[in-house]
Amino acid sequence: MLLSLVVGLCSGIAAVCLNYLIRFIRGILPELSGGSRDWLYWVLPGVGMLLSYLIVRYIVRDNIGHGVTKVLVAVSTNESKIKSHNIWSSFVTSALTIGAGGSVGAEAPIVYTGAAIGSNFARRFGLSYRNMTLLLGCGAAGAIAGIFKAPLAGVLFTMEILLFNISMNSMLPLMLSTISATVVANVFAGQAPLFQCSLTPFSMANIPFYVMLGIACGLGSLYFVRMTLHLEDRLSGKPANGYVRWGLCALCLGVLIYLFPMLYGEGYGYLQGLLVGRADTPCALLSYLSGYAWGIPVFFLLVCFARVFAMTCSNAGGGVGGTFGPTLFEGAIMGFVVARSINLLLGGAGISVPEQNFVLVGMAGLMAGVMQAPMTAIFLIAEMTGGYELLLPLILTSAVSFGTMRLFEKYSIYSKRIAQTGELLTHDNDKSVLTLLKTSDLIRDKYPRVSVNATLSEIVAVISESTAAVFPVLDAQGRFQGMLDMDSIRKVMFRKNNLDRIRVRNVMTQPKAYVSSGESMESVMDKFDRTEEWRLPVLSADMRYLGFISKSRILMAYREELKQISED
């Protein structure tokens, strides 16, 4: 309890400091007020990306992008251990990237920072994997609570996205962490919500339109996730020279920001304008399109499409940032486009909807789809805007968006790549327990080794003194050749005239499957089910024998792990 409180305080301080550092960097840069300084829109984001790239390449020497995904990987495959440099590396590089105009969000890096704080506190005090995971979650929850002033959203974020098998006993440390982080944020940044809104009271007559917004957000989420992952695959390591890749990405980002100034930085200033009914921005393209009735929604729809490209270029070019902020930004624009379109289509019939309300609800809708975390989306938007009077449309739109997205995509933007490797912890207890079990921990090497060239008479003594039912057969270099099964050689062994004549290679059998030491437990169990074997040999990459893994040992470990989860 005490450590969760301390971790929450530290995460809250980190969140406040990150916001201050981003504003400080923007404050020392030249004012981008138009005129001869418009060219700075092209240059400054690339400068921030370059500085981040140099820090990561020559100082950190580690991949620190995709913060939330990295936290999920740490929980699933690395016993919740996060390197100590992540306490500051994501913090500094994201501040440089965003402060100079990179089109990414600060939330994922601060989640990585908070999780690293919790993980390293746990390591320093020698806590178990389970408690280390809980403190990691406390750090991440505190980071969300501190940067958005949203304690409940911090808890829900950890429960829905990071720690799937959270227990009621773990709720109190999480709440202590988020409350302490929120108090820190309120002390240093004031108690006002992050965004100010001018909302209209909710009308039941608008429910069908909020359903339409939910469907639009679900389809927008599908575009956001699929296009982001596609672009990352295309840009990853291409070109191989990091400086050339930085130059190309910086140029593309500069062009996009020149066409759509709203893409500069997080874009929260423009988002704030939409929440109070202002849809204006100094942009030549918007000025031109404003002369047409449908020009404004078309312009903002283009911004939606372009934001994914700007965000991916910012990260691929060496910058460090997340998708959290861009998701809020795109959701707000999606809500505005849907509302303005409804008003243009049905305004002549006397039907209109409040655009500011749709902007706010759209933020929750897109977040629910992209992150597949509807509860987090609902309460995060309500907490950081004070929009609790729109709780019903928030729930409705988020649910519809989440359901629409799930028709096409099972995983969130954070978990899709990990799920493809079979290493993702999920709400499915069976699968989660298998993920927690490590193949390397369940290998048994109690079986006496047998040479492939030995005769049966040479191994009788070995077999007679062992209780094992199988024996691994190896060559002179220790490579696995097969195995002796007592059931298959029993008849031969009792014929004494055969003992000197028959060699092991003549009577050994081949297993129906092999297991590698790093193989996922889900894959191992699939092999057991497919072969109907009770034990399988475990081999290294060069076919060296490491031991056997048995189904009974897996089931005992599974039962013990499930018991611990149930007790928690």
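What percentage of the contacts in the protein chain between residues at least 6 apart in sequence join residues at least 24 apart? In this predicted model, the share is 76%. The secondary structure of the protein chain comprises 24 helices and 6 strands. Its C-alpha trace extends about 100 × 50 × 50 Å along the principal axes, and 56% of the 568 residues are buried.

**The pair α13 and α14**

- Two packed helices are described by the angle between their axes and the distance between the axes.
- For helix α13 (residues 295–316) and helix α14 (residues 324–346), the axes come within 9 Å and cross at roughly 160 degrees.
- Angles over 145 degrees count as roughly antiparallel, and α13 and α14 are therefore roughly antiparallel to each other.
- The crossing of these two helices, α13 and α14, is left-handed.
- On the α13 side, the contact is formed by I296, P297, F300, L301, V303, C304, R307, V308 and M311. On the α14 side, the contributing residues are P326, F329, E330, I333, M334, F336, V337, R340, S341 and L344.
- By class, the residues in this contact of α13 with α14 comprise 15 nonpolar, 1 polar and 3 charged.

- R340 belongs to helix α14. Its relative accessible area is 19%, and because buried means under 20%, R340 counts as buried.
- Apart from its neighbours within four places in sequence, R340 is in contact with I296, P297 and E355. Of these partners, I296 and P297 are among the α13 residues that make the contact with α14.
- F309 is located in helix α13 and is partly exposed, with a relative accessible area of 34%.
- When residues up to four places away in sequence are not counted, F309 touches Y223, M227, L231 and L256.
- The C-alpha atoms of F309 and A349 are separated by 38 Å, with the two residues 40 apart along the chain.
- G319 lies in the loop between α13 and α14, and is buried at a relative accessible area of 8%.
- The residues touched by G319, not counting those up to four places away in sequence, are M49, S52, T97 and S314.
- Although G319 and V56 are 263 residues apart along the chain, their C-alpha atoms are separated by 9.3 Å.

**The pair α3 and α7**

- The axes of helix α3 (residues 67–77) and helix α7 (residues 151–162) come within 11 Å and cross at roughly 65 degrees.
- The crossing of α3 and α7 is right-handed.
- Residues V68, V71 and L72 of α3 meet F157, I161 and L162 of α7.
- This contact of α3 with α7 consists of 6 nonpolar residues, with no polar and no charged residues.

- Helix α9 (residues 207–235) contains 29 residues, and at 1.5 Å a residue it should span 42 Å. The expected span is taken as 1.5 Å times one less than the number of residues.

- Most residues other than glycine have a negative phi, and most peptide bonds are trans.
- R61, although not a glycine, has a positive phi of about 55 degrees.
- R61 is situated in the loop between α2 (40–60) and α3. With a relative accessibility of 67%, R61 counts as exposed, because exposed means over 50%.
- M543 likewise is not a glycine, yet has a positive phi of about 70 degrees.
- The position of M543 is in the loop between β5 (535–539) and β6 (545–550). Its relative accessible area of 35% makes M543 partly exposed.

Terms used: Residues are numbered from 1 along each chain as its sequence is written. This is a predicted model: local features need pLDDT of at least 70, side-chain atom pairs count only at pLDDT 80 or more; totals for chains, interfaces and linings use all residues. Side-chain values use heavy atoms; hydrogens and water are left out. Axes are lines fitted to C-alpha atoms, for helices over the stretch in contact, and angles run from 0 to 180 degrees between N-to-C directions. Helices (H or I, at least four residues) and strands (E, at least two) are DSSP runs, numbered from the N terminus. Angles under 35 degrees count as roughly parallel, over 145 as roughly antiparallel, 65 to 115 as roughly perpendicular and the rest as oblique. A crossing is left-handed if the near helix is turned anticlockwise from the far one by less than a right angle, and right-handed if clockwise. Contact means heavy atoms within 4.5 Å. Ala, Val, Leu, Ile, Met, Phe, Trp, Tyr, Cys and Pro count as nonpolar, Asp, Glu, Lys and Arg as charged, and the others, Gly among them, as polar. Buried means under 20% relative accessible area, exposed over 50%, partly exposed in between (1.4 Å probe, protein chains only).
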